[in-house]
Number of protein chains: 2
Amino acid sequence: MLKKQLIMEKALELFSEQGFEATSVQQITERCGISKGAFYLSFKTKDELLISMVEYYLQQFVTDVDQVVRSSLSKDIILVEFYKSIFQAFKNHAASARVFFNEKVLLTKKELFQKIIAYDVEMSKSIIYMLEQLYQDELHDTKYDVMYCIKGFMKSYSELFIFSDIPLDLDQLAKSLAEKTEIIARHTTIPFITEELVQLTAEPFDEEVSQESLLELIEQHLDGLEDSIECESLELLKFQVENPTYSKAILKGLIENIRLQPDYRWVAYKIGKYFNI
Amino acid sequence: MLKKQLIMEKALELFSEQGFEATSVQQITERCGISKGAFYLSFKTKDELLISMVEYYLQQFVTDVDQVVRSSLSKDIILVEFYKSIFQAFKNHAASARVFFNEKVLLTKKELFQKIIAYDVEMSKSIIYMLEQLYQDELHDTKYDVMYCIKGFMKSYSELFIFSDIPLDLDQLAKSLAEKTEIIARHTTIPFITEELVQLTAEPFDEEVSQESLLELIEQHLDGLEDSIECESLELLKFQVENPTYSKAILKGLIENIRLQPDYRWVAYKIGKYFNI
DNA sequence: TATACTAATGACTAATCGGTCATTTGTCAA
DNA sequence: TTGACAAATGACCGATTAGTCATTAGTATA
């Protein structure tokens, strides 16, 4: 699978420079130093490459966010850490951010549009979870508005990273946005985004993690795993998905084992969702 | 010039559906019911069409925003009216919003990238002007942060119009965002966006209105104008640009005459900027 | 060394692209 | 009706594209 990685990385560079449609398969293979035929051994079509890239890079982003949100950080620093990790990701992966947050083609291909919205829904859910932890019942009807504001802050301030490379103080930025979020959360009285509205926009894309699809995902990841703690953990989890017997503590432990492997954070994230952990 | 309009409209539909690169000139001419040759009578290249469209649609948006901001509405409703007009525009021109706020290709062509950033800078200036009117000296170091927040609200909430067609209560939305803006403006204590930072990101694109370029712009618009009050006003203004003698009141009046003509709002906007009105 | 297998190549194809231009059509005044 | 001019056409061109496949290179086993 190293070849796939190489192609995705070089393609990301080119898409970020020229856009998807304007980049030819030829250019990608040239930058990779491989032949055109070799490309089609890894991906059936150019579109399949794009889909794989969307999955790979957005999964990274979503798990990044979720990890901070679910961490056991104290309430007074969690917002700061949330923003810090978001903008750290924007800084480190400016290229993928440029492609996946601005490339319109993604939205014209139905299959991709659905995927991207689905990842956005996942991220929204993480943010809502964070707000619920932070403010308990203090926010009731303004919860979703605060979530929209947070996403707005992200969109607006991320331009600083995407369109220029001015050195910025991430700590200061995170503190500043955490304060703004706090202010909005504490003082907003006129809500606009209702739960119904969120469901209306998210519903078609908010897919439950089905047992079947999860088993398939696990199967895929088992293939690439050699005998190890991670492999054993994943196999145990597979049986647990089919027939749950272990306690939540054990399940969570097994999931954490998986999460240590960088390429397995997504399957860990999905299993966690399945068991409501 | 009717042909140009037709092509731009149909092209906008197609770009909004498929993206720029994925749309062929053939498709555009088919939808217009004209031949391929006829297309090239109106536009020298496909790129020139795109540039014209960017100018046309973004000029509309910028003048919309500026008109509200410079209106003599009372302070307590100006924010609400500002948001209302913004989202009214998003609602009415969802197609162009889809293209010009999401199409990445625009950003890969240097000439267009500069143009788009330049329009963004114009809009930022309008927002800053509004904030200065509203809060005078109460905001000093947080002015630019509030501006970034407003742009973030716009980006985040505009998705409701761009990606779905759920009927929404614009008044309620505008009130809700006006309150959020007010809250941010009143309570923010930790700024991040400094004046230097704004200048760093905007400077290369923040072009002064030069006498020369303004005269050229006026000349272009005079061509398409028949004998009328508007025509006379524009000619008088042309002489005033070369040799100012009238008072500000007269100049403003003449500019307002021009602004009544829909296609002349941009030249009115530019002349206003030139005379600092 | 011989065999069997996979991985990798790049010349090739059919299709489509943006753009051109010789030709036709339409519209005037004379 | 004629002739002069502009508007509009679409067949055509060279260039480029995504994708294919017969062939070769590399490697492991026997």
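Tutor: A pocket is an open set of points on a 1 Å grid over the protein atoms alone, where a 1.4 Å probe fits and protein lies on both sides within 12 Å along at least five of seven lines. Its volume is the space filled by probe spheres set on the points, which are joined across faces, edges and corners. The model is predicted, with pLDDT of at least 70 required for local features and 80 or more for side-chain atom pairs, while totals for chains, interfaces and linings use all residues. Residues are numbered from 1 along each chain, chains are lettered from A, and side-chain values use heavy atoms, without hydrogens and water.

The second largest pocket has a volume of about 1600 Å³. Its lining (residues with an atom within 4 Å of a point) comprises 43 residues, and Glu55(B), Gln59(B), Leu217(B), Gln220(B) and His221(B) are the closest to the centre. Helices here are DSSP runs of H or I of at least four residues, numbered from the N terminus. In chain B, helix 1 (2-18), helix 4 (46-70), helix 8 (110-135), helix 12 (211-223) and helix 15 (265-274) each give two or more residues to this lining. Helix 8 of chain B provides the largest share, eight residues. Sorted by class, the lining holds 17 nonpolar, twelve polar and 14 charged residues; Ala, Val, Leu, Ile, Met, Phe, Trp, Tyr, Cys and Pro count as nonpolar, Asp, Glu, Lys and Arg as charged, and the others, Gly among them, as polar.
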